[in-house]
Amino acid sequence: MARRIPEDPMVRSIVNMVRSAQFDRRQMLKGAAVGAAGLGALTLASCAPGGGGSGSGGDSKKQLVWGNWTYYLDYNEETGSYDSLDLFTDESGIAVEYIEDIDDNNTFYGKIKDQLELGQHTGYDVITFTDWMNARLIQAEQVQAFDYANLPNVTANLVDAQLNALDADQGRKFTIPWQLPASCLMWDTEAVPGGIKTLDDFMQPSLKGKVGVLTEMRDTMGIILAGLGYDPAGSWGDKEWGEALQWLDDGIQSGQIKNVKGNSYTQDLERGDTLAAMVWTGDVVMMNAESPDGPRWTIEVPEAGGMIAADSFTIPNGTPAEQKGFAEEMINFYYDPEVMAAVADYVTFVPPVKGTQEAMRKLNPDNADNPLIFPSEEDWTRLHSFRSLTPEEDKQYSTEFQKVLGL
């Protein structure tokens, strides 16, 4: 279906680039011989210093390194770069090396924790951890405060619900949301025609060894808590936690649950090693778009509830002042609703920027009412946050969760 190109020059520029993008990215990655290193270890640069592409004409001294999750920016298979990032580089002259290096919050933190503790440069000028991990960094005083004089779009357009959503960072002094990922239930429509509606549905004998869960504790345990009738954002404690953990342990020990993964779970789905799983919505939408045989997987917010969180920009200690300013300029760029609409049209996660839905009606009307990008009021009632944990709870629950997973 052809898209009507809006009159606004910025929107028109983005539309022209997005229109040419093809959802064939995973095939490209396979062709690049990613191999056993996995997607998380692959560096893809929109405009790496000294590199080519439409954004490489800027001042080579204006450089920025951004570490992010996979499938989290509007990738263009034809050009081998990221359309919105190229536009930012063209407008600002800042070359951005974009590295898809986060597969799991804990494992990525493990790569940079020594530098963080010493206040040294981590190799990344700006990163996008999930907010619960960001809370740890804030409490440890390992990230820098933003200068909101450089962020007028964030001041104007951050959705109200996110301003104080992180109790460790009221007012978003140290974190600025990038996307709001939701975790829900998924199944292979051919192999599981009846679908997955409840936790018990995961236990079907036909699914033994074909069930997957996420290594992110708050997503997996939040869905289990909700499925057992507890509000993940509520006042549950050790008793409810123990019941949920027992459900998970029983599933793993019996062999019913086999695949426990971060972002790499998508590879298990493609191979058919996983037929039903707890997943992040945007990843599976992307896989359906790429599937040569048409949509293969269904995603639903379970009646008992799915989870929603925020992956947010932070600037680690050790990032030089100049690069910090460049990062703030980039973040401000992405808080333009037209730019965020181009990103949301590709990644299909919930955007944190006011006006994105209206911009989407111009960019791609077909996605303007997509509930995976713009949840309905009913969906919001079934998308839970995971309550904040005390340091003691966090240590206890994380240790117990990791032990059950065998990690």
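Predicted model: local features only at pLDDT ≥ 70, side-chain atom pairs only at ≥ 80, totals over all residues.
Mentor: Contact here means heavy atoms within 4.5 Å.

Trainee: Fine. Which residues of α3 and α12 meet, then?

Mentor: From α3 they are Ser-84, Leu-85, Leu-87, Phe-88, Glu-91 and Ser-92. Their partners in α12 are Phe-326, Glu-329, Met-330, Phe-333 and Tyr-334.

Trainee: At what angle do the axes of those two helices cross?

Mentor: Roughly 120°, and the axes of α3 (residues 83-92) and α12 (residues 321-334) come within 11 Å. The two helices are therefore oblique to each other. The crossing of α3 past α12 is right-handed.

Trainee: Let me step back. How many helices and strands does the chain have?

Mentor: There are 16 helices and 14 strands. The chain has 407 residues, and 56% of them are buried.

Trainee: What share of the contacts is between residues 24 or more positions apart?

Mentor: Such pairs account for 76%, counting the contacts in the chain with a separation of 6 or more.

Trainee: Now α16. How many residues does that helix have, and how far does it reach?

Mentor: Helix α16 runs over residues 391-405, which is 15 residues. From its first C-alpha to its last it reaches 21 Å, close to the 21 Å expected at 1.5 Å a residue.

Trainee: Which of its residues are buried?

Mentor: In α16 the buried ones are Glu-393, Asp-394, Tyr-397, Ser-398, Phe-401, Val-404 and Leu-405. They cover an arc of only 130° around the axis, so they sit on the same side of α16.

Trainee: Why would residues three or four places apart point the same way?

Mentor: Because an α-helix has 3.6 residues a turn.

Trainee: And which residues are exposed on the other side of α16?

Mentor: Pro-391, Glu-392, Lys-395, Thr-399 and Lys-403 are exposed there.

Trainee: Pick α9. How do the axes of α9 and α16 cross?

Mentor: At roughly 15°, coming within 9 Å. That makes α9 roughly parallel to α16. On the α9 side the contact is made by Asp-238, Trp-241, Leu-245, Leu-248, Asp-249 and Ile-252. On the α16 side it is made by Gln-396, Tyr-397, Glu-400, Phe-401, Val-404 and Leu-405.

Trainee: What about α4 and α5, at what angle do they pack?

Mentor: About 20°, with the axes of α4 (residues 105-118) and α5 12 Å apart. They count as roughly parallel because the angle is under 35 degrees. In α4, Asn-105, Asn-106, Tyr-109 and Leu-116 meet Trp-132, Met-133, Arg-136 and Leu-137 in α5.

Trainee: Change of topic. Where does Glu-141 lie?

Mentor: In the loop between α5 (131-139) and α6 (152-157).

Trainee: Is Glu-141 buried or exposed, and why?

Mentor: Glu-141 counts as exposed because its relative accessibility is 65%, and the cut-off for exposed is over 50%.

Trainee: And Arg-172, what is its phi?

Mentor: About 55°, again positive although Arg-172 is not a glycine. Arg-172 lies in the loop between α7 (160-163) and β6 (176-179). At 0% relative accessibility, Arg-172 counts as buried.

How values were computed: Residues numbered from 1 in each chain as written. Heavy atoms only, no water. Helix = DSSP H or I, 4+ residues; strand = E, 2+ residues; numbered from the N terminus. Buried < 20%, exposed > 50% of the residue type's maximum accessible area, 1.4 Å probe, protein only. Expected span 1.5 Å × (residues − 1). Arc of directions from axis to C-beta. Axes fitted to C-alpha atoms, helices over the stretch in contact; angles between N-to-C directions. Parallel < 35°, antiparallel > 145°, perpendicular 65-115°, else oblique. Left-handed = near helix turned anticlockwise from the far one by under 90°.
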